[in-house]
Amino acid sequence: MRTITLSNGKAVEVECLSCALTNGYIEPDGGVVVETEYFHAHQDVAYPIKGLIILASKRHIKCFDELTAEERMDYINILSKIRGAQRKVLGIEHVYYFYNEDTTHHFHTWMVPRYEWMYKFGRSVESVRPVLPHTKNESNNEENMKEVMEAISTLAEELNK
Ligand SMILES: [Zn+2]
C-alpha cells in the first residue's frame, strides 16, 4: 500500500491510484468525464489545465501490448471521441498525448491541450515538463479552478449525450 495525497489535501492509502479511481473508490474532483466498458476518463485537478484529460484502463495493466483486441478498439474510439469533444466544446486546437509504461499506477494516457501561454515554457513537447509544476503552483487559484471545473462539466455533457 502507498499513501497518496490528493489535490484536496486528503491522504489515502491505495495499492494503485488508477485502480482506486476507475473502480470508484476515489471520486476524482470534477467527477468522471466519460466511462466505457474498459476505460475511465477524468481530469487530474492537481494540474489545473483546462481540458487536460486522463484516460485510464479499468484493468490493472501497464503495457500497451497487454490490451486485448476489445480494449484496443475501445481505447482508440474513446480517445478520438474525447479529442473531438475537446475541439468542439473547448476550442482546443492541438493536444499532446503521453503515456509511460513504468508508471507507479497503471495504464493511463495524458491528453494535454496545447495553449498559447505554454510557449513561454518552450517549444512543442519541451514545454510540458515545466508547465505541469507551474500550473500546480501558480494556477491553483479560484478563477482558474472555476474554469477548469466548468470545462470538465462541458466535456462530460458533450461526451454523455
Ligand atoms: Zn491499478
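Here is a short walk through this structure, from the overall fold down to one helix. Keep in mind as you look that the model is predicted.

The protein contains four helices and seven strands. If you follow the chain along its sequence, these elements come in the order β-β-α-β-β-β-α-β-β-α-α.

Now step back and consider the whole shape. The C-alpha trace spans about 40 × 35 × 30 Å along its principal axes. Of the 161 residues, 29% are buried. The contacts tell us how the chain comes together: among those with a separation of 6 or more, 58% join residues 24 or more positions apart.

With that picture in mind, let's turn to helix α4, which covers residues 142-159.

Which residues of α4 are buried? They are V148, A151, I152, L155 and L159. Looking down the axis of α4, you would find these buried residues within an arc of 100°, which means that they line one face of the helix. Covering the buried residues of α4 are, among others, strand β3 (34-35) and helix α2 (69-90). On the face turned away from the buried side, α4 carries the exposed residues E142, E143, K146, S153 and E157.

Note on methods: Residues numbered from 1 in each chain as written. Predicted model: local features only at pLDDT ≥ 70, side-chain atom pairs only at ≥ 80, totals over all residues. Helix = DSSP H or I, 4+ residues; strand = E, 2+ residues; numbered from the N terminus. Buried ≥ 20, exposed ≤ 12 C-beta atoms within 10 Å, placed from the backbone. Contact = placed C-beta atoms within 7 Å. Expected span 1.5 Å × (residues − 1). Arc of directions from axis to C-beta.
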